[in-house]
Amino acid sequence: MRDVPDSHPRAVSLRIRNAIVEGVEMGITSPHGLLAHGRGEAFDYLIGEKTQPFAKRAIKAAAALLLTAKHPVISVNGNAAALVPVELVRLSKVIPAPLEVNIFHASKKREKNIKTLLQKKGAENILMPGNAVLEYIDHNRRFCNREGICKADVVFVPLEDGDRCEALLKMGKKVITVDLNPMSRTAQKANITIVDNIVRALPLLVKETGQLKKRKRVQWKKIIRNYNNKAVLKQALYRIKR
Ligand code: ATP
Ligand code: MG
């Protein structure tokens, strides 16, 4: 169903699904990305398909951490590019931080398509993987950019796989993720986990970063100090079990 009528009870969910399917057709998203999306959808259903208070808390802390970082980097995979290309570009400009194309299933063509899409949406600072490798990992995503993820102190990796999240943490980086499944390895291991659909979370993160940017560094630090990711994950699980 491509033209989803507003009257359809699951219109929003179906439109998001269409965006992922179009991502596959445009050579941006991997077919495997459809399965990852399906897993996400199930958890979205369980959290009520709304941005919950635990996600809002995480978004605020994420904005503060991105602003305090020396070398923040935004990692972009095929699902994120299909769902929120404009917001990723906006986030990159507001922090500011480079976007780094980084996909799980190796494909130079798809990497290039993602770069072209981001450029079309106005991105100015896009890094490509390949001139350096991450430690502690042995698949395609060990490739990264020397000036990007390899050098970063804070990495924003929405919809990330658990292995790579762990590798980034072992390398001493701070990790912020968006993940609808509070039980995934990424959600459990990240420093800040935004348990929300990326489609809802990204516009809020852009807005929050813009607002916090007007405040002082000490205030960003205080937000980070007072943030407790374990508590946020617990609240997300509680919402699911309710
Ligand atoms: P992990 O490797 O962290 O244990 P996993 O193997 O279950 O997780 P991956 O495919 O590696 O899953 O990671 C993708 C994650 O992104 C999943 O937890 C999935 O629920 C989540 N996800 C998928 N689509 C969205 C979306 N639109 N918004 C937020 N999260 C999403
Ligand atoms: Mg995984």
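Modeller: Helices are DSSP runs (H or I, at least four residues), numbered from the N terminus. This is a predicted model, in which local features need pLDDT of at least 70 and side-chain atom pairs count only at pLDDT 80 or more, while totals for chains, interfaces and linings use all residues. Residues are numbered from 1 along each chain as its sequence is written, and side-chain values use heavy atoms, with hydrogens and water left out.
Colleague: Which helices each supply at least two residues of the shell around ligand 1?
Modeller: They are α2 (31-46) and α8 (185-189), where a shell residue has a heavy atom within 4 Å of the ligand. The most comes from α2, with four residues.
Colleague: Which residues come nearest to ligand 1?
Modeller: Of the 18 residues around ligand 1, the nearest are D161, G162, D179, R185 and T186.
Colleague: And what lies 3.1 Å from an oxygen atom of ligand 1?
Modeller: That is a polar side-chain atom of R39, a polar contact being a pair of N or O atoms within 3.5 Å. For N197, a polar side-chain atom is 3.0 Å from a nitrogen atom of ligand 1.
Colleague: Turning to the second largest pocket, which residues lie nearest its centre?
Modeller: Its lining has 16 residues, with R10, V12, S13, L14 and E49 nearest the centre. A pocket is an open set of points on a 1 Å grid over the protein atoms alone, where a 1.4 Å probe fits, with protein on both sides within 12 Å along at least five of seven lines; lining residues have an atom within 4 Å of a point.
Colleague: Which helix gives the most to that lining?
Modeller: The helix is α1, with six residues.

Conventions: Chains lettered and ligands numbered in written order. Polar contact = N/O pair within 3.5 Å; in protein donor to acceptor, adjacent residues only side chain to side chain.
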